[in-house]
Amino acid sequence: MACERNGVAIKGNIETKFDHPDFKSRNVEIRRRLDLYANILHCVSIPTIPTRHKGIDIVLIRENTEGEYSGLEHETVKGVIESIKLVTRKNIERIARYAFEFAVINNRKKVTAVHKANIQKLGDGLFLKVCKDMAAAEYKNVEFEAMIVDNASMQLVSRPQQFDVMVMPNLYGNIISNIACGLVGGPGLVSGINVGDKFALFETGTRNTGTALTGKNSANPTAFIRAAVDMLRYLGLDADANRLSDALYATLTEQRLHTADIGGSEKTTTLIDCIMKNLSTEIEPRHVEAR
């Protein structure tokens, strides 16, 4: 595939048909084939976006290749389904290490491991133990806490500012990431990074298909543009990434152009035209939130 040849790709989401049992998710298949084991979302407040909470700055790191997404399901007898959650110490260790290393490199103060080890004592118990042991043995300068997923969901919607870096298994990461995206304004704003040892894939953060918006010129392009910014930065093209990020930030906060999902009435093309105009003019570097 092209991503294997180039090492990077940017993509829109591909719809997964949930009413066809034999239909495999193309999104999951891509991540599995390329071993894109870490999914990273940066959910940060944008000043002019109407939201209940302000001052949010959370990085969510999700294991991307196993757990409930292993795809191991079968009907043992009629009416009885077995769905296997497969986890491995190897993959837990590498996602935990990715989260701690991310915190160290980016001067983040705390890592929160999200789990359900009180019920899934073996699978999530292993996840919790690996995170705890790694924190104690190798990352003593990073504050570590563990939180059960249902409590984490409640804490996230009531006081999201308490979180810094969150690391979690696959399914919990999907749920928590969507909550966090909603807190900063919705699925149209946040980009998602998928990385492995060899390849990287950039997309919108919530992986919504948005088919209901087809042909209406009303979709928010922010998340996809931020995915392009992430890709440029990954490729070491920081100057280009900063220019595009600043042009987008100015469009949202200074020109205050908002699509319907974030309280405005502008068309997709209006935002794109404004971003293009900002790119062609010299503007002052913007706040770190844009990046």
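Let me start with D57, which counts as partly exposed at 34% relative accessibility. Keep in mind throughout that this is a predicted model. The side chain of D57 meets that of R108 in a salt bridge, 2.9 Å from N to O. Is R108 buried or exposed? R108 is buried, with a relative accessible area of 15%, because the cut-off for buried is under 20%. This pair joins distant parts of the chain. D57 belongs to strand β3, residues 57-63, while R108 sits in the loop between α3 (89-105) and β6, 51 residues apart.

In general, side chains of opposite charge can pair when their charged atoms come close. How many salt bridges does the structure hold? The count is 13, and I will go through a few.

K85 and E68 form a salt bridge through their side chains, at 3.3 Å from N to O. Here too the pair links distant parts of the chain, with K85 in strand β5 and E68 in strand β4 (residues 67-77), 17 residues apart. K85 is partly exposed at 22% relative accessible area, and E68 is partly exposed at 28%.

E93 and R89 make a salt bridge of 3.6 Å, N to O. What separates these two residues? They lie four residues apart in helix α3, so about one helical turn lies between them. E93 is partly exposed, at 32% relative accessibility, and R89 is partly exposed, with a relative accessible area of 40%.

There is also a network of salt bridges, which links E29, R32 and R33.

Now two single residues. I84 is found in strand β5, residues 80-86. I84 is partly exposed, with 37% relative accessible area. Leaving out residues up to four places away in sequence, I84 touches G67, S70, L72 and H74. As for L34, it is 50 residues from I84 in sequence, and their C-alpha atoms are 22 Å apart in space.

H115 lies in strand β6, residues 110-115. Its relative accessible area is 6%, so H115 is buried.

Last, the domains. The domain assignment of the chain gives domain 1 as 7-209 and domain 2 as 210-284. Their centres, taken over C-alpha atoms, are separated by 25 Å. The contact takes 27 residues from domain 1 and 20 residues from domain 2.

Between them, domain 1 and domain 2 bury about 1,900 Å², with 68% of that on carbon and sulfur atoms. How many salt bridges are counted between domain 1 and domain 2? The count is zero. Five residue pairs are in polar contact across this interface, both residues at pLDDT 80 or more.

On the side of domain 1 that touches domain 2, the elements giving two or more residues are β1 (8-10), β2 (38-44), β9 (191-195) and β10 (200-204). The largest share, four residues, comes from β10. By type, the residues on this side of domain 1 are 15 nonpolar, nine polar and three charged.

Definitions and conventions
Residues numbered from 1 in each chain as written. Predicted model: local features only at pLDDT ≥ 70, side-chain atom pairs only at ≥ 80, totals over all residues. Heavy atoms only, no water. Buried < 20%, exposed > 50% of the residue type's maximum accessible area, 1.4 Å probe, protein only. Domains from an automatic or database assignment. Contact = heavy atoms within 4.5 Å. Buried area = accessible area lost by both parts, 1.4 Å probe. Salt bridge = Lys/Arg side-chain N within 4 Å of Asp/Glu carboxyl O. Polar contact = N/O pair within 3.5 Å; in protein donor to acceptor, adjacent residues only side chain to side chain. Nonpolar A, V, L, I, M, F, W, Y, C, P; charged D, E, K, R; others polar.
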